[in-house]
Amino acid sequence: FNIGRRRMRVAETAVALAALASGVALAAPMGQDGNPMFGLQHVVGGIAIALVGYVVFTKILSPSKTEPPEEEEPKGNFIKVDAGDIRGYKRGTMQEIDVPGEKQKILVTRLLEGNVFATGAKCTHSAVRLVTGVVSEDRVVCPAHAASFCVRDGSVTDAPAFDGLHTFDLDIVDEHIIVYVPSPMPEFKKARACSCNSNAAPSTIVVVGAGAAGLSAVETLREEKFDGRIILIGKEKHLPYDRVKISKSLKASVESMTLRKKEFFDDAKIELMLDTTVTKLNASAKNLVTDKGETISYDKVLLCTGGTAEVPWMTGIPGYNQDGIHILRVPEDSKKVDEKITAIGSDKIRVVIIGSSFIGMEAAAYFKQTSKIEDVTVVGKEEVAFERVLGKDIGQALMNMHSEKGVKFEMNAGVVSFDGKDGHVTSIKLDNGKVLPADLVIIGAGIVIPSEYVKDNTGIEVFRDGSIICDDKMMAAKVRVRLLRMFAVLIVPRRMYMLPVIWPASSSG
């Protein structure tokens, strides 16, 4: 309860006076006319009652009873930072404050309730300044990707951030906010406390899919003190990484995208099985089979295998297999595109992007800033970009923003064929009759859900698009298989079912 010790003492004094008045009233007998009759003995009795009430409040119930004495400050090396007069902070606002002798800053937030908190100042996902975001209840929300953090304890309250914020003690002295910042300041990311305190394995949980959802799941299990055996299986050879960066920068290295180092998994006793694909899930027998011939038994299994960008509605188009046509799904894809740009050798490369949602539009923004790219055209089936996921109004606004940067659009159009010469794509024919010259083609036209490995299980219902039907607790029918990536085809309109649930809100179940 952080309103400052001085104000708490004032509050306690007010309570004491109120208790005194109440005590006198309670101790005084009522006269015949209905009014209280006060005497010395009644005042003494009232004072006694008031003292008891004051002790109960200040020593037992008072929120300030756990605070240090007035003169006590945090132990260790600290920098006392004067963050300004509390009256200069409107409720529901935040300010970024310099720390003397440090490169990092702190964020001081005053909530609508009036309480003040001090945390790290940067988003742990994108390093964006949180002061440019918004305050929502007791959270600060990053403007870049909507990651949010609780200012009370620094914990992550919404993806895509994995690490929390550091929090700092503060006090209110003569109406000024004094923040105690450790010296030297810690790195702005605060890792989650994931540990395993037991070598015993009372139960085994297998997580299939080593992407962001799978990583979040195993971290949450350890953070919530699950000490059993955890196995994380991923078909890629890389440690879990931030996949969304692939379409933002083709030159981003795997190391720069990696979310956790190998040492993290070793310390948390999480077994990694990378470069491994699950080929068969036997729900009734509670085991699964991998492409390496291994059979792994489990007590619970969590499926978060995401999707593949090799979609049949594109691969079946004539000319798809020509050189120069690429998807952006794994780090190797972005490396191939970057190498292709270098190999073309021209400084007037023409790029056509199929798909007008996140992958396509992010790629368009990147290519338009690349010196060798002369022309960027986005082809989309909807009327405006992002229409299915963000609606026409927002989609049109974002489309206008890209157009101002020079990106061209061919909307309400589909691809008829990829035409080429000597095995290399040279143009794309659309169903509206137009032909677009192309030296490089990027496919960002959706994903296919890889659920073949569960199809032969009685009790698991697989929809025709590969999605698995789940209940409101993300459980797949009767066989107790939980998923972190599914498509609610029976609950929401068809146009929305491509929105995946990939981030667990809690560790329950």
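**Before you click**

Residue numbers start from 1 along each chain as its sequence is written. Because the model is predicted, local features need pLDDT of at least 70 and side-chain atom pairs count only at pLDDT 80 or more, while totals for chains, interfaces and linings use all residues; side-chain values use heavy atoms, with hydrogens and water left out.

**Stop 1: colour by confidence**

Colour the chain by pLDDT, the predictor's confidence in each residue, from 0 to 100. The chain average is 82, and 77% of the residues score at least 70. Now select residues 1–6, where the pLDDT is below 50; beyond near neighbours in sequence, this stretch has 20 contacts in the model (a contact means heavy atoms within 4.5 Å). Then try residues 62–71: pLDDT stays under 50 there too, and the model has 16 contacts beyond four places in sequence for them.

**Stop 2**

Helices (H or I, at least four residues) and strands (E, at least two) are DSSP runs, numbered from the N terminus. Select S10, residues 176–182. Since 5 of its 7 residues are buried, S10 is largely enclosed by the rest of the structure; buried means under 20% relative accessible area, exposed over 50%, partly exposed in between (1.4 Å probe, protein chains only).

Which strands are joined to S10 by bridges? S1 (residues 78–85) runs antiparallel to S10, with 6 bridges between them, and S9 is also antiparallel to S10, through 5 bridges. Two strands count as paired if DSSP finds at least two bridges between them. For landmarks, Phe-78 has Pro-182 as its bridge partner in S10, and Asp-169 has Tyr-180. At the hairpin of S9 and S10, with 2 residues between the strands, stop on Asp-174: its phi is positive, near 50 degrees.

**Stop 3: the four-strand open sheet**

Show S5-S6-S7-S8, in that order: an open sheet with antiparallel pairing. The edges are S5 (134–136) and S8 (156–158), each pairing on one side only. On average, neighbouring strands here are turned by 30 degrees against each other, direction ignored (axes are lines fitted to C-alpha atoms, for helices over the stretch in contact, and angles run from 0 to 180 degrees between N-to-C directions). S7 (residues 148–150) pairs with S8 over 2 bridges, and Phe-149 stands opposite Val-156 in S8.

**Stop 4: Phe-162**

Move on to the loop between S8 and S9 (167–173), where you'll find Phe-162. Is this side chain's residue buried or exposed? Phe-162 is buried, with a relative accessible area of 6%. Its C-alpha sits 9.1 Å from that of Lys-190, 28 residues apart along the chain.

**Stop 5: the largest nonpolar core**

A nonpolar core is a set of buried Ala, Val, Leu, Ile, Met, Phe, Trp, Tyr and Cys residues joined through side-chain atoms within 4.5 Å. The largest one has 28 residues, and Val-337, Ile-341, Val-351, Ile-353, Phe-367 and Ile-442 touch the most other members. H7 (331–344), S19 (349–354), H8 (358–368), S20 (373–379) and S25 (440–443) each supply at least two of its residues, the largest share being 5 residues from H8. Centre on Ile-442: beyond four places in sequence, its contacts include His-326, Leu-328, Val-337 and Phe-367.

**Last stop: Asp-439**

Asp-439 lies in the loop between S24 (435–437) and S25. Asp-439 is buried, at 17% relative accessible area. Leaving aside neighbours within four places in sequence, its contacts include Ile-344, Lys-348, Arg-350 and His-424.
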